[in-house]
Amino acid sequence: MTDPESLLRGDRAPEPSLLPWLTARAGRDSLRTASDAAVSLSGLGTSQWPGLADAVAQEAARLVGGDASSLLALVNVLPPLLRHLATPSVALLRERADALDPAVALLARTLGADGETLSVRDLETPPEWAAATVAVKSGLLLDDALEVVEAWQELPRVRSGSRTALAFLLPLLVSGGVVRRRDAGPVRHLAALQDAALVAVADSLREGPQWRAAALITHVVPALPTQQRRRVDQRIRDAWGDDAWAEHLLSDVVWHTAGREGPAEELFASHPLGRDLERAMSEGHLDGRWCQEALQRTADAVSSGGTADLRLRRAGTVALRIRELGIQDHGASPEPPAMPPGPERFLNARMVRPGSREPLPTDRSLGRGMTYELRLDIGPLDPLMPRSDGLVPFPEDGLPPSANGHWLDVRTVGFGFTVAPASEHARLFLPVIGPSWCCPCPPDGQHHCDAGRRERFLHLTVTAPPVTGPARLGVQILYRGNVLQCLQADFYVRDSEEPGHQQSMSLPLVLAGDLRSLEALSPRDVSVVQMPAPDDAWHLIVNQAGTTTGQITVRPSLARGDLVEECRDVLTGVHQRRGPLGGRRNRLGPDNGLSPKEFRKDLARLATVGRHLWNGLFDRATDRRVVARALRAPRRIQAPGAAALPYIPWSLVYDLPYTGTKQGATYCRVVDELPALPSNARQEGCPYETDHPEPGSAEPESFLCPFGFWGMRHSIDAPPHREDAGRFVTETAADTGSPLMVAAIELPEPRRSGHRDVLEETVGPIGWADTGKDLIRHLHVSTPALLYLCCHCGRDPGLERVHSPCLMLPTPPEPGITPDQVRELADVGDLPERWRRTRPLVFINGCGTAAVQQPEMWLDFVGAFASLDAAGVVGTETEVEAGLAVEVAEHFWSVLLAGGTVGDALRSVRIRLLRKNNLLGLTYTAHCFGDLRLRTPRADPRGT
């Protein structure tokens with residue numbers, strides 16, 4: 001806890017629960033600072049409190065009064081201010097609705113609808129409608145209000161992630177321990193609400209800052225009966241003992257009976273220093289200037305990340321369809337109608353002439369060497385846009401909730417076009433409602449522009465190629481380094497503009513059409529996108545987030561299927577040795593390890609092909625240097641798959657210098673210290689990274705380090721292309737009544753039984769299948785969060801001329817599982833809907849099961865399960881020895897079940913094997929977001 005002396009000296013930032021008190025005493029000059037900090041700290045994360053913005057808004061309303069200029073400037077930043085304003089002030093804001101953010105204007109219209117007190121009836125309307133009502137009646141931000149509504153509408157089922165939302169909701173509905181629906185008697189689910197609140201209290205005492213736990217307890221206990229208050233009392237004593245926070249809560253909060261006037265007083269009452277601060281203020285030890293400085297220290301801590309574990313926005317989305325709500329301006333609202341879907345927005349593109357900006361006819365060629373502008377916007381589908389193939393709505397639901405909107409990065413790639421420097425990297429703003437715009441406001445700040453300074457379209461200046469023939473422009477839309485969509489614009493170039501040459505637009509890459517939330521994804525430092533060129537070659541576009549270098553366009557020359565196969569052959573050789581009669585023998589020891597001498601040989605062989613892959617992808621020295629510098633330190637890389645383009649095993653790319661011969665090679669010091677690496681997923685990059693040669697340096701010519709492989713050094717997301725633009729998610733959970741995992745294992749005994757025993761100890765009850773038919777039957781009737789298949793993957797014995805893979809469950813002559821059978825599950829009753837709801841993670845622990853979209857194997861399991869709405873597929877680049885497969889799977893599932901992400905689990909597997917001088921962790925590939933996790937993980941009983 002921040003002590004009074006420390007506060008007086010200005011050594012530390014005060015706890016956020018003091019923000020409203022400081023706001024009231026710092027004066028109007030600090031309102032913007034207080035508002036920004038309060039909105040950042042308001043939420044349902046473990047270091048946030050959802051009522052904080054409302055508490056600051058209560059004090060801000062007292063300071064602002066009826067000052068129109070202050071109201072308009074502040075209410076867009078602090079939406080809960082609306083509900084604390086007097087009626088004349090609200091009327092003034094309604095008259096100036098054009099100056100308000102659209103979402104704030106909606107809240108202004110909602111004020112006064114159907115009473116001021118939140119009722120159960122408000123919560124039982126469609127979620128988007130209910131969120132607006134809850135926001136204005138509770139002071140929650142819109143995104144948190146929607147999460148509260150969704151949590152309520154799922155009762156009596158309570159998700160672990162919704163307990164705080166339900167705990168906050170409980171006192172808004174409960175008076176004296178009784179919940180009543182207006183004119184309808186006692187409401188259902190009171191017990192579930194109270195239980196959720198008690199568990200949320202226990203969770204907050206166990207994790208997160210003390211101020212947040214105190215705020216939660218102070219908010220919740222007035223709604224709890226005496227018996228449950230005793231439970232809170234005991235939990236505080238057990239968790240905090242004689243701590244000052246515990247003493248304050250037990251004496252002044254848990255058994256406090258008098259009411260409190262609003263959220264600001266409630267928060268102040270939760271802090272043990274309240275009386276001390278009031279006394280210091282009255283005695284003149286503190287003044288308004290001191291409050292301003294203390295407030296600034298809190299704001300600085302927020303902006304610098306000093307308040308650890310801030311979840312600035314929840315993993316969800318607010319999709320308020322303002323135009324369809326039809327909320328009355330005054331008085332009670334009618335019974336809300338069913339919520340129709342809102343207007344979809346698309347990425348639109350037209351080629352226009354500079355100067356006049358007159359659109360070029362869509363059947364017109366471009367003139368050789370002539371300059372044009374590509375006009376872009378995100379809004380209603382432009383009916384005059386050139387012929388469009390496979391366009392889907394822009395994935396706006398994938399953006400995190402916002403009261404205003406989002407800045408998006410726009411990167412332009414010219415395949416033969418010359419792109420003006422200012423157009424290579426541009427930005428546009430996508431508001432919550434309506435079409436995008438361009439303005440001079442800074443992307444990391446607030447909007448200060450008015451409608452007159454906003455450009456409806458983004459214009460990118462390009463010059464057509466100097467030669468005639470087909471030409472292509474690529475446009476990427478990114479958010480926080482994550483590529484959302486890639487637009488491919490195709491034209492024909494002639495000596496002059498001529499009719500009869502149809503232009504076209506298509507989307508070769510769509511990350512998602514309905515992401516649950518990109519805010520749940522970590523920002524990406526680098527995105528690597530594959531796009532086809534008009535001459536049927538293909539290019540890589542390497543985007544670097546947060547740098548001025550923007551992007552690098554390379555034309556891979558040698559990274560073809562034969563080199564990829566060579567990489568896999570070398571990986572296979574890590575654990576198998578060819579015998580004199582052509583068979584293969586296992587090289588691994590009983591612990592799946594190798595000797596240091598064998599490791600050095602494997603490292604050199606794999607680095608040879610990994611370096612060839614690097615040179616094939618980046619065949620110009622300037623490109624290699626730029627990429628090597630950008631990726632020298634561990635990075636988070638997004639490398640989504642693209643339709644009909646070559647598959648690249650990114651994990652095997654080796655970017656340290658190596659000539660292919662061990663003679664004269666320098667080995668990194670870590671090679672002799674592998675067993676000392678941390679035994680968990682925390683190791684990121686080489687501990688001796690500073691010893692590695694600088695990109696472009698002449699010495700040494702050859703340097704060998706396992707962290708030269710991208711898969712060892714970086715976290716790589718490889719979500720596959722989705723033809724239907726279905727959503728990718730960051731959570732998976734079993735359906736009600738289904739086992740957490742369905743599994744099929746085809747291994748010799750006793751290894752099979754032993755593997756099953758370990759998995760049941762880690763996961764719990766599992767739905768076991770012995771054959772392919774059993775597996776299909778299981779999936780017909782249950783929807784697990786996890787699907788695990790451990791078996792050989794070979795060629796479908798039922799097909800002679802078509803090379804289609806088959807999971808041998810069991811080995812022939814019994815039929816196995818083919819990608820076609822997986823796809824056909826989409827025709828089975830409600831199975832597609834169940835998979836869309838739960839989004840299972842699939843792990844195929846077999847032979848070469850992750851090899852996707854190669855010409856000879858277009859029917860692959862990754863695409864098949866992705867089309868069935870699986871959250872992701874983990875597979876192997878090569879065949880894997882049974883003992884190693886078992887160890888990897890058991891460790892992978894233990895990390896995931898202990899609460900880790902797929903990225904954590906995969907990294908932990910690789911480090912675990914690397915500590916045994918084994919590089920085979922690189923053979924496992926995850927085709928999903930690395931942030932994917934199990935929604936309700938259970939601790940591994942073995943403690944691994």
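Phe415 stands opposite Arg472 in S12. The pairing behind that is between S8 and strand S12 (residues 469-479), antiparallel, over seven bridges. Two strands are said to pair here if DSSP finds at least two bridges between them. Strands are DSSP runs of E with at least two residues, helices are runs of H or I with at least four residues, and both are numbered from the N terminus.

Before I go on, this is a predicted model, where local features need pLDDT of at least 70 and side-chain atom pairs count only at pLDDT 80 or more, while totals for chains, interfaces and linings use all residues. Residues are numbered from 1 along each chain as its sequence is written, and side-chain values use heavy atoms, with hydrogens and water left out.

Back to S8. Strand S8 (residues 405-415) also pairs with strand S10 (residues 425-431), again in the antiparallel sense and over seven bridges. On that side, Trp407 stands opposite Phe429 in S10. How many residues of S8 are buried? Of its 11 residues, 10 are buried, so S8 is largely enclosed by the rest of the structure. Buried means under 20% relative accessible area, exposed means over 50%, and partly exposed lies in between, with a 1.4 Å probe and protein chains only.

Is Ser423 buried or exposed? Its relative accessibility is 4%, so Ser423 counts as buried. Apart from its neighbours within four places in sequence, Ser423 is in contact with Thr412, His459, Leu460 and Thr461. Contact means heavy atoms within 4.5 Å.

Strand S11 (residues 458-463) is joined to S6 by six bridges, and the two run antiparallel. The sheet is open and has four strands in the order S4-S6-S11-S9, with antiparallel pairing. Strand S4 (346-352) and strand S9 (418-419) are at the edges with a single partner strand each, so one side of each has no neighbour in the sheet. Between S4 and strand S6 (residues 371-379) there are seven bridges, and these strands run antiparallel. Ala349 stands opposite Leu376 in S6, and the bridge partner of Val352 in S6 is Glu373. Eight of the nine residues of S6 are buried, so S6 is largely enclosed by the rest of the structure.

Strand S25 (residues 741-745) pairs with strand S27 (residues 786-790) in the parallel sense, over five bridges. Within that pair, Ala743 has Tyr788 in S27 as its bridge partner.

Last, two places where helices pack on helices. Helix H9 (residues 127-138) and helix H10 (residues 142-153) pack at an angle of about 120°, with their axes 8 Å apart. That makes H9 oblique to H10. Angles under 35 degrees count as roughly parallel, over 145 as roughly antiparallel, 65 to 115 as roughly perpendicular, and the rest as oblique. Residues of H9 that meet H10 include Pro127, Ala130 and Val134, and among their counterparts in H10 are Leu142, Leu146 and Gln153.

Helix H16 (residues 262-269) is mostly covered, with six of its eight residues buried. The buried residues are Pro263, Ala264, Glu266, Leu267, Phe268 and Ala269. They pack against helices H2 (19-26), H4 (52-64), H13 (210-220), H15 (244-252) and H17 (274-282).

Note on methods:
Axes fitted to C-alpha atoms, helices over the stretch in contact; angles between N-to-C directions.
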